[in-house]
Amino acid sequence: MKETQQKQPPKHPKATFASVYCVILIIVLLMNTLLFPAMAKMSIRTVDYGTFLNMLEEEKLTTVQLEEQVIYFVDKDGASYKTSAIPQDLQIVDRLINAGVKFDRVYEQRTMLDVVLGWVLSLLPLLLLGWWFNRMLRRQMNAAGGAGGINQMMFGGGKSGAKQYVVEEGQSIKFADVAGQDEAKESLQEIVDFLHNPKKYEEIGAKMPKGALLVGPPGTGKTLLARAVAGEAEVPFFSIAGSEFVEMFVGMGASKVRDLFKQASEKAPCIVFIDEIDTIGKKRDSGSGMGGNDEREQTLNQLLTEMDGFDAAKGVVILAATNRPETLDPALLRPGRFDRRVPVELPDLHGREAILRLHAQKVKIGPDCDLNVIARMTPGASGAELANIVNEAALGAVRHGRKAVTQPDLQEAVDTILAGAQKKNAILSEKEKCIVAYHEVGHALVAALQTHSAPVQKITIVPRTSGALGFTMQVDEGERTLMTKEEMLDKIATFTGGRAAEEVVFGSVTTGASNDIEQATKLARAMVTRYGMTEDFDMVALETVQNAYLGGDASLACSQATADRVDEKVVSIVKAQHEKARSLLVENRAKLDEISKYLYERETISGEEFMDILNRKPQLTA
Ligand code: ADP
Ligand code: MG
Ligand code: ZN
């Protein structure tokens, strides 16, 4: 019963192969029925009667076939000949009998043999080819994504093409194989826990999120983390790449999704992992010309339907990974679907060192190696790049005929690996890193020094994929829907704080503040036109907001003259706050230097660390 299922719709490598196979088959058939018999005839040499008689004389003949017009004969070497018969030669039969030749069918015997041999010889390689291809296909499927001790089993009757990973005790990838990424691991740990013991959650009535989306730049270990979840949870793990859904035939992708979820619900509790989900999960655009991408849309719709359809309590958890979350269809991110986002960011100094250490265990490392130094050299490098550096260093050691990797090998590897990466990732030079550190501390310090500003939670100068070189995370205490005028002004000052620090310390400015400028301007403009926070305009609405649900496009609703005055007012607000930020930083220059130096070294500092340094009694009293 399984056989019939397995031969279901042609997948495309198979389909291509099948058609090529058919063509070859037809060629072989034609050759066997038409060409080979003709060739068989041709392989009989025609000789003249004299030669025939000579050969008879020399007793070279073994078998002879006498016909009315022709004589076929075979010599001792097995070669076939024919010659035209001469009716007048009446003694020929006697001479042949005396010579002791056998009378038999020569011509027909040969062709029969040819036909049979031809068929066997031409069909055999074809059959072998088919068998070999089948085996190769199977192997390829098994090999795909099969690192570590995860042993995959192709799923018999399924057509989803999803591989089920059977996790082997003691050999699988565990969280310990993922260095750093503590926050991501923590939030995935809960899913592991749920899969271990769904009852515990059920009793309280807690519902697990149906899906978690691993988001982060390429090479940060998203795929690795998903595998580790399976390894930790020890449940069946279905893994499929988004691109595998995109099929040649319309409707195939959708049916694959359906099939995948059917298999998964039979195996629950289990994990379904969709890698690179952006290939199917891209925003559906309304009618982009002809057809758009029907196939992908259908697949996406099916995925959404399936996710809604099944019950999370059953224990099917869907993980997905993407490095382009902004391209995903919002419907995918709605509550009840991928409602948990697990950021997998580029590693900071600590993380980089941990990753280097982990990978260094796999190679012979000499005593002079200082991985901390290497980690310091590689801000902005991803886990994959770091793994690559260790490997490249090992290759370098071999090239130099060394027994173990040395520090110069590692340094050389950093240059080779990161030279290419430099352009695509924002890998900072020392000087840039220093500027970014001051810039970020500028924001944080201005925020902290103003009583109304929320304290900072985290500052980092690890470059983000968003293009931001650094980033200061501020937390508001609780939900803030109402902001006072003072708070808004302080916020504007905080936005200008980054640039202000650059000015105070370096005396020049960089392009790094473009986003800050935009934000500050937006806030200042809103104060004037929407919130009635200026004397000049009092409570007059100068702007109306459209599309409030989509971020809000504001359009001016006033005369040109008023608009000019609004612009002036906005400029003066921002200017005043910028000035305030600058003077705050000048007053606290010592703290600015101290914290920036600290951040420069650590790359990421927490809010507490920041506040500790800020509140520490200054060593030199100013
Ligand atoms: P992604 O799916 O995010 O693009 P992968 O999970 O495929 O990245 O990571 C590629 C490789 O980089 C991994 O196989 C691993 O060797 C290495 N790697 C990446 N991040 C880490 C990490 N945090 N710890 C250890 N190795 C890592
Ligand atoms: Mg990946
Ligand atoms: Zn900034």
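Q: Which residues form one aromatic cluster with Tyr49?
A: This is a predicted model. In it, Tyr49, Phe52, Phe73 and Tyr81 make up one aromatic cluster.

Q: How many aromatic pairs does a search of the whole structure find?
A: The search returns six aromatic pairs. Take Tyr49 and Phe52 as a worked case. Their ring centres are 5.5 Å apart and their planes meet at 50 degrees, so this pair is tilted. The reasoning needs one cut-off: planes under 30 degrees apart count as stacked, over 60 as edge-to-face, and the rest as tilted.

Q: Where do Tyr49 and Phe52 sit in helix 3 relative to each other?
A: Helix 3 covers residues 49–57. Tyr49 and Phe52 are three residues apart in that helix, which means about one helical turn separates them.

Q: Are Tyr49 and Phe52 buried or exposed?
A: Buried means under 20% relative accessible area. Tyr49 has 12% relative accessibility, so Tyr49 is buried. Phe52 has 0% and is buried too.

Q: What kind of aromatic pair do Phe237 and Phe273 form?
A: Phe237 and Phe273 are stacked. Centre to centre, the distance is 6.0 Å, with 15 degrees between the planes. Phe237 belongs to strand 9 (residues 237–241), and Phe273 to strand 10 (residues 270–275). The pair therefore ties together parts that are 36 residues apart in sequence.

Q: What should I read next, and which residues are closest to ligand 1?
A: Start a ligand site with its shell. Here 16 residues surround ligand 1. The closest are Ala179, Gly219, Lys222, Thr223 and His359. By class, the shell divides into seven nonpolar, seven polar and two charged residues.

Q: What is the phi of Gln181, and where is its place?
A: Backbone angles are worth a check, residue by residue. Gln181 is not a glycine, yet its phi is positive, about 50 degrees. Gln181 sits in the loop between strand 7 (163–167) and helix 6 (182–196). Its relative accessibility is 15%, so Gln181 counts as buried.

Q: What is the phi of Glu276, and how accessible is this residue?
A: Glu276 has a positive phi of about 50 degrees, although Glu276 is not a glycine. Its place is the loop between strand 10 and helix 10 (278–281). Glu276 is partly exposed, at 35% relative accessible area. By contrast, Gln181 is buried.

Key:
Residues are numbered from 1 along each chain as its sequence is written. Chains are lettered from A and ligands numbered from 1 in the order in which they are written. This is a predicted model: local features need pLDDT of at least 70, side-chain atom pairs count only at pLDDT 80 or more; totals for chains, interfaces and linings use all residues. Side-chain values use heavy atoms; hydrogens and water are left out. A residue is near a molecule or strand if one of its heavy atoms lies within 4 Å of it. Ala, Val, Leu, Ile, Met, Phe, Trp, Tyr, Cys and Pro count as nonpolar, Asp, Glu, Lys and Arg as charged, and the others, Gly among them, as polar. Rings of Phe, Tyr and Trp (its six-membered ring) pair if their centres lie within 6.5 Å; planes under 30 degrees apart count as stacked, over 60 as edge-to-face and the rest as tilted. Helices (H or I, at least four residues) and strands (E, at least two) are DSSP runs, numbered from the N terminus. Buried means under 20% relative accessible area, exposed over 50%, partly exposed in between (1.4 Å probe, protein chains only).
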